[in-house]
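Have the viewer open as you read.

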Amino acid sequence: MTEQLTGERTLTRITTKQQLGPDAQVDDKALLFVPTDPALTDPFLALVEDWFSTPGFEWHPHRGLETVTTVVDGVLEHGDNLGHTGALQAGEVQWMTAGRGIIHRELAYRDEHAHVLQMWLNLPAEKKLTPSRYQDLTKAAMPRVHAPGVTIDVHAGTVGGVTGATDTHHPVQGVVATLDPDAIYDLQVPAEHRLFAHVMNGRLLIGGRELHAGQTGWSDPVTRRSGDDGGAPAATSLHLAAVDPEQPARVMVYSGTPIHEPVAMGGPFVMNTKLEIAKAFADFHAGAFGPVPRQARLAYDR
């Protein structure tokens, strides 16, 4: 049966990234959104942009969430206490399920340069202690949609008949779309999803609002309108249009079904209660996540 569309999604709010500058780990950092009010961004918790060379993010733990890291530029070296190691290049994505507990690090390969966008994705209570895992989405194996003047890397979900390679624990759709000047695309999004659209480069009309690089627009789930007996639609459409005649535009669009559960955060842990956060810290310090690795850096030719 053909999905019912309700026209274009509209943006309910727009935010601009907050540039923080360098700190002890990074050369520069920007906050695109943070969990000031998790109910407003549910199931997404945060999106942070980092530029780093050395030292980067040495061994640290996580529990109860997934981190989705998109490499914008440079090369990201990673490793964990499960024995996974690797390097990801521009356009590639690492989808890490921290689950019940993992210790990992994220560094710039050769201490040269890595520019990444990292999104924190919440997990429902029943999945917070799921086994930890990594899923690396490489450029060579990245599922893509091609339309006139448009290329879409599909990270998760199904777009234009193309399904992303990520096995998700919760309904999520994620893409990075590149549009040539004056190109347009109507992105179908499940009606029950909350979405964010972050402009990485250029300027776009998104859901009828013009956004420029560094801005993020939000659209909340579509519910049945009062007096409408037809029920909620199966899908909606987000209209994307590159408006700068001189340069292409690139936008990250992620959407997911809100979890509607309490959120408790403590450092690198995301659970449902403060007691669970305290237990996460206790488990980590008791060695339940495993030992902090003594793993060497990736070898390379000098």
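This is a predicted model: local features need pLDDT of at least 70, side-chain atom pairs count only at pLDDT 80 or more; totals for chains, interfaces and linings use all residues.

## Ground rules

Residues are numbered from 1 along each chain as its sequence is written, and side-chain values use heavy atoms, with hydrogens and water left out.

## Aromatic pairs

The structure has 10 aromatic pairs. Rings of Phe, Tyr and Trp (its six-membered ring) pair if their centres lie within 6.5 Å; planes under 30 degrees apart are stacked, over 60 edge-to-face, and the rest tilted. Take Trp95 and Tyr254: with centres 6.2 Å apart and planes at 35 degrees, the pair is tilted. Because Trp95 lies in strand S8 (residues 93–97) and Tyr254 in strand S23 (residues 249–256), this pair ties together parts 159 residues apart in sequence. Strands here are DSSP runs (E, at least two residues) and helices are H or I runs of at least four, both numbered from the N terminus. Trp95 and Tyr254 are both buried, with buried meaning under 20% relative accessible area, exposed over 50% and partly exposed in between (1.4 Å probe, protein chains only).

Phe196 and Trp218 make another tilted pair, at 5.4 Å centre to centre and 50 degrees between planes. Phe196 sits in strand S18 (residues 194–201) and Trp218 in strand S21 (residues 215–219), 22 residues apart. Both Phe196 and Trp218 are buried.

## Strand S21

In S21, 5 of 5 residues are buried. Gln215, Gly217 and Ser219 point one way, Thr216 and Trp218 the other. S21 runs antiparallel to strand S1 (residues 13–16), joined by 4 bridges, and Thr16 has Gln215 as its bridge partner. S18 also runs antiparallel to S21 with 4 bridges, and Leu195 stands opposite Ser219. Strands pair if DSSP finds at least two bridges between them.

## Asp42

What does Asp42 touch, leaving out residues up to four places away in sequence? The contacts (heavy atoms within 4.5 Å) are Arg194, Pro258, Ile259 and His260. Its side chain reaches the backbone nitrogen of Ile259 at 2.9 Å, a polar contact (N or O atoms within 3.5 Å, one able to donate a hydrogen and the other to accept it; residues adjacent in sequence count only if both atoms are side-chain atoms).
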